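Student: I would like to know how the labels attached to this model are decided. Please set each value against its rule.

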Amino acid sequence: MLEQNRQKLESEQRFRALIENGTDLILVLDANRICHYVSPSLGRILGYALNEIIGKSVFELVHSDDVATLSEIFDHALKTPRIHLPIAEYRVQHSDGSWSIFEAVLTNLLDHPAVRGVVMNSHDVTERKHSEAALKQAATEAEAANRAKSAFLANMSHELRTPLSVIIGYSDMLLEEALAVGDKDTVRDLKQIRTAGAHLLTLINDILDISKLEAGQMRLYLEPFSIATLIKEVVSTIQPIVDGNGNSLKVDLTSNVDVIYGDATKLRQALLNLLNNAAKFTQQGKITLTVSAKEGETKAANGKESRWIVFQVQDTGIGIAPEQLPHLFEAFTQADVSISRIHSGTGLGLAISRRLCEMMGGKITVESAVGVGSTFTIYLPADRVNAKTKPAAQEEDTE
Ligand SMILES: Nc1ncnc2c1ncn2[C@@H]1O[C@H](COP(=O)(O)OP(=O)(O)OP(=O)(O)O)[C@@H](O)[C@H]1O
Ligand SMILES: [Mg+2]
């Protein structure tokens with residue numbers, strides 16, 4: 001019996017020590033919100049003596065704006081015994097007048113013979129709340145800075161384009177005159193100016209595009225257009241670049257969807273980017289452009305099964321190392337810096353293409369093996385853009 005009493009006492013002392021040395025603030029309130037017990041952590045946490053709180057309503061220390069929320073949860077606790085009620089957040093005043101933010105869980109143990117009260121278990125979350133607010137503020141500032149940067153780049157590149165167009169226009173005019181009089185030296189020099197000008201214009205256009213995309217200023221211009229016609233235009237633009245590296249280009253148009261409703265210019269731009277890369281990173285190899293329709297292969301953004309128009313650009317070029325694949329679509333990223341010295345480019349093509357496809361409700365994926373080749377695939381939602389379908393499949397080969 002004596003041993004049993006000793007064990008009981010030890011157990012009680014252990015639990016008391018746990019509560020009294022904890023960092024949480026534990027209060028036991030009656031149904032009228034009067035405090036009957038408060039853990040001694042009160043002194044450490046809020047600076048009050050126990051007798052300043054016991055026998056009083058603790059809600060008096062709560063910020064007036066938070067009393068209503070806390071009361072609501074307290075009243076709810078009174079109606080729902082033995083349930084840990086959702087965390088309430090409230091501000092409490094310290095004995096020195098300063099404020100801290102606390103989180104509390106309330107449990108109604110009024111029917112528990114050893115407690116006979118509503119237990120309010122609170123802990124200080126002030127620091128966490130402040131760092132959350134600081135993080136939010138930093139994110140807002142970073143977002144604003146990023147928008148300002150994008151707007152600056154967009155304006156800059158717009159301003160750069162105007163004089164450049166004049167340079168290109170005049171070199172064209174002078175080139176025609178030099179050709180007419182057969183002045184070979186001047187023709188050669190003017191061609192250099194024209195080529196450099198055109199290259200610079202491409203770079204500026206890319207920077208303008210990525211800034212507009214990042215600033216959310218890019219707009220879609222939707223119209224019905226023929227995929228077959230678009231592919232013909234794309235192929236005739238890219239063919240000289242493909243030929244330049246001794247490559248061949250095969251086009252398979254297996255989709256029975258021809259006229260779709262979408263932004264032809266943006267699709268053309270994305271396809272030209274992919275084909276330009278394929279031609280740039282492939283020597284004496286094969287490039288294949290396949291257009292097909294796929295049913296429900298991939299889930300659309302809204303989670304529904306969808307029908308896609310799929311544009312696939314496959315090459316037998318140098319391929320991309322697996323560790324580079326996740327970064328390919330980031331702006332200004334090139335898979336291999338040493339390679340970028342051989343091949344021209346700024347590393348914007350894929351970043352722009354991906355964002356353009358996403359704007360159109362689609363996406364781009366990549367598969368690649370070093371030394372074997374790469375496959376880039378654009379998926380565009382057919383159901384949203386589909387205007388008319390063509391019954392017969394069509395195949396075309398421009399090799
Ligand atoms: N078909 C491909 N084969 C091998 N590597 C590729 C291929 N396509 C892209 N890459 C790699 O991905 C990088 C990024 O491509 P991206 O089109 O974004 O930039 P870029 O072609 O270098 O420059 P830009 O397109 O701005 O002129 C390339 O530099 C290249 O390293
Ligand atoms: Mg590119």
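Student: Why is T316 called partly exposed?
Tutor: The relative accessible area of T316 is 42%. Buried means under 20%, exposed means over 50%, and partly exposed is what falls in between (1.4 Å probe, protein chains only). T316 at 42% therefore counts as partly exposed.

Student: What should I keep in mind about the numbering and the model?
Tutor: Residues are numbered from 1 along each chain as its sequence is written, with chains lettered from A and ligands numbered from 1 in the order in which they are written. The model is predicted, so local features need pLDDT of at least 70 and side-chain atom pairs count only at pLDDT 80 or more, whereas totals for chains, interfaces and linings use all residues; side-chain values use heavy atoms, without hydrogens and water.

Student: Where does T316 lie, and how far is G373 from T316 in space?
Tutor: T316 is in the loop between β10 (305–315) and α8 (337–342); helices (H or I, at least four residues) and strands (E, at least two) are DSSP runs numbered from the N terminus. G373 is 57 residues from T316 in sequence, yet their C-alpha atoms are 4.1 Å apart.

Student: What makes β11 and β12 paired strands?
Tutor: Two strands pair if DSSP finds at least two bridges between them. Seven bridges join β11 (residues 363–369) to β12 (residues 373–381), so these antiparallel strands pair. One of the contacts is E367, whose bridge partner in β12 is T375. The hairpin has three residues between the strands, and G371 there takes a positive phi near 80°.

Student: How do you know that K363 lies over the face of Y379?
Tutor: The rule asks for NZ of Lys or CZ of Arg within 6 Å of the ring centre and within 35 degrees of the ring normal. K363 is 5.0 Å from the ring centre of Y379 and lies over its face. R14 lies over the face of F15 at 5.9 Å from the ring centre.

Student: How do you know whether F59 and F74 are buried or exposed?
Tutor: F59 has a relative accessible area of 7% and F74 one of 0%, so both count as buried.

Student: What makes the space beside F59 a cavity, and what lines that space?
Tutor: On a 1 Å grid over the protein atoms alone, a cavity is a set of points where a 1.4 Å probe fits but cannot get out, and lining residues have an atom within 4 Å of a point. The largest cavity is about 100 Å³ in volume, a volume being the space filled by probe spheres set on points joined across faces, edges and corners. Its lining includes F59, L42, Y90 and M120.

Student: Why is that lining called nonpolar?
Tutor: Ala, Val, Leu, Ile, Met, Phe, Trp, Tyr, Cys and Pro count as nonpolar, Asp, Glu, Lys and Arg as charged, and the others, Gly among them, as polar. The lining of the largest cavity therefore divides into 12 nonpolar, no polar and no charged residues.

Conventions: 1 Å grid on protein atoms, 1.4 Å probe; cavity = no way out; pocket = protein on both sides within 12 Å on 5 of 7 lines; lining within 4 Å.
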